[in-house]
Amino acid sequence: MSAKLKVFFVSLLVLSLGFWIGSSIYKYFSYKQSPKIILVGLKGGDHYMGNVTCFIKSDNDYKIDDVSLFLDDKPFAFGNKKVRAKKFEIPFNIETEQLENGQHSLIIEAADSSYNRNKSKDTWIFYVDNKPLKSALLQSEFKVDQGRTLHVKLQSNKILEKVVAKVLGDFYDFYPEEKKSTLYECFIPLDCEDNDGDHLIEVEVQDFVKNKVKLTGNIKINKFNFPRQKGFSISKSKLDEEKEISMNNKILHDALDKWLKNSPKEKMWSGPFETPTVVQWIATQFGEIRTTPERGRYLHKAIDIANRPGSVVWASQNGRIIIKDRYVLSGNTIVIDHGLGVFTHYYHLEDFADIEVGDFVKKGNPVGKLGMTGYATGPHLHWGLYVNNVAVDPVQWTKKSFF
Ligand SMILES: [Zn+2]
């Protein structure tokens, strides 16, 4: 190698060394990012039992000087560790049996070795649950008529992740009776045409650390002799007129299936439901068997309340308006969602109150005026109550004893 070439390479080396030192010094003084710390094995908001294996890792852009760990604000496990590396992993364990059941916090603090000593502080809130799960049904032997609702209650020793009942092949969720309550309840609708006799109720209870308990009970469904009604006929001209201005009731059913999926997972009501208009007389009882030329034989799964046309019809409980439309059979129709898949239906209204779909209404707020729009021969309110879109007797829901 010639002398000139040697000088060239040495100069290049010195230059790049100089450049490296220069940029390192520049980075040392200018670096301003907080250390990025990742916690593996524990997630904020989750529940834990037994021994929890965790580690802290980082792949930071600047060398991290030290890491400190705190449990409930006290130094924990390795306490403070000098890591002096960009990339590292520090394992540690949380023996949750040494901790109280309930809420805890894990804090990780880190500082880098730059001139600015950039710091980070991350907090994870988690829950310890080492309490064995205990749950029981308040009542496990039920007798209920066809077309009624079964109100099942369950007491647990802790807040649960989920409780599901299986009855007649269908699944029903339980919900806390009030926020943060360990008393859970479930409303199971029994269709007018559900088979009578003995049926099993199977309940699966699960807490947040995945402990499971299975409970069973017995439901005796009594055959209910729904009264037979002398049919009626509606004039062809009225029906034709309705068909002209109204939508098919199939559209209502499809809409209700959609709304059911969006029903809030908590009760919007408290206490008994109210009969939504002044009762002059009950024109049709729940479940009456009716035969008409237009519709054939069918069960009338609501009650018809007769009163003067124009009488105020009000919301039987707090809820949200989900349907306000006109249909061939139900006429001017209002449906209110009360949460937990419980809907009330108001049919044949003369007109609507000043409300829109999406509005929240309180028990007693007017929803419309009693009328005879749709498939009706005289002024009355057809009042229905549905649980998971299964029609049940609304009168049961007006009784204090039901709750
Ligand atoms: Zn009716």
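**View 1. The S22–S23 hairpin, with a glycine in its turn.** S22 and S23 make a hairpin with four residues between them, and glycine 339 in the turn has a positive phi of about 90 degrees. Before going further: this is a predicted model, where local features need pLDDT of at least 70, side-chain atom pairs count only at pLDDT 80 or more, and totals for chains, interfaces and linings use all residues. Residue numbers start from 1 along each chain as its sequence is written. Strand S22 covers residues 331-337 and pairs with S23 in the antiparallel sense over five bridges. Helices (H or I, at least four residues) and strands (E, at least two) are DSSP runs numbered from the N terminus, and two strands pair if DSSP finds at least two bridges between them. Look for isoleucine 334, whose bridge partner in S23 is tyrosine 346.

**View 2. S23, wrapped up by its surroundings.** Strand S23 spans residues 342-349, and eight of its eight residues are buried, so the strand is largely enclosed by the rest of the structure. Buried here means 20 or more other C-beta atoms within 10 Å of the residue's own, exposed means 12 or fewer, and partly exposed is in between, with C-beta atoms placed from the backbone. S23 also runs antiparallel to strand S27 (residues 380-387), joined by six bridges. In that pairing, valine 342 sits opposite valine 387 of S27.

**View 3. The largest nonpolar core.** Here you're looking at a set of 49 residues, and those with the most contacts inside it are Ala165, Ile188, Ile334, Ile336 and Tyr346. Domain 2 (135-222) and domain 3 (236-402) both contribute residues, so this core lies between them. A nonpolar core is a set of buried Ala, Val, Leu, Ile, Met, Phe, Trp, Tyr and Cys residues joined through C-beta atoms within 7 Å. A second, separate core has seven residues, including Ile56, Ile64, Val83 and Ile108. Zoom in on isoleucine 336: leaving aside neighbours within four places in sequence, it touches Ala315, Gly319, Arg320, Ile321, Ile322, Phe343, Thr344 and Val361. A contact is a pair of C-beta atoms, placed from the backbone, within 7 Å.

View 4. Methionine 268 has 19 other C-beta atoms within 10 Å, so it counts as partly exposed. Gly339 is the turn residue from the S22–S23 hairpin. Glutamate 193 is 75 residues away from methionine 268 along the chain, and their C-alpha atoms are 29 Å apart.

**View 5. A five-stranded open sheet.** The order is S8-S15-S14-S10-S11, with mixed pairing. Strand S8 (141-145) and S11 are the edges, each pairing on one side only. On average, neighbouring strands are turned by 25 degrees against each other, direction ignored; the axes are lines fitted to C-alpha atoms, for helices over the stretch in contact, and angles run from 0 to 180 degrees between N-to-C directions. S10 and S14 run antiparallel and share seven bridges.

View 6. S10 and S11 run antiparallel with four bridges, and valine 164 stands opposite aspartate 173 in S11. The two strands form a hairpin with two residues between them. Leucine 168 lies in the loop between S10 (160-167) and S11 (170-173), and its phi is positive, about 50 degrees, although it is not a glycine. With 14 C-beta neighbours inside 10 Å, leucine 168 counts as partly exposed. Now move to lysine 210, in the loop between strand S14 (197-207) and strand S15 (212-222). Lysine 210 isn't a glycine either, yet has a positive phi of about 70 degrees. It counts as exposed because it has 11 C-beta neighbours inside 10 Å.

**View 7. Stepping back to the domains.** The assignment gives domain 1 (33-128), domain 2 (135-222) and domain 3 (236-402), with bounds from an automatic or database domain assignment. The C-alpha centres of domain 1 and domain 3 lie 57 Å apart. The C-alpha atoms of the chain fill a box of roughly 120 × 50 × 40 Å along the principal axes. In all, the chain has three helices and 28 strands, and buried residues make up 29% of its 403 residues.

Key:
Contact = placed C-beta atoms within 7 Å.
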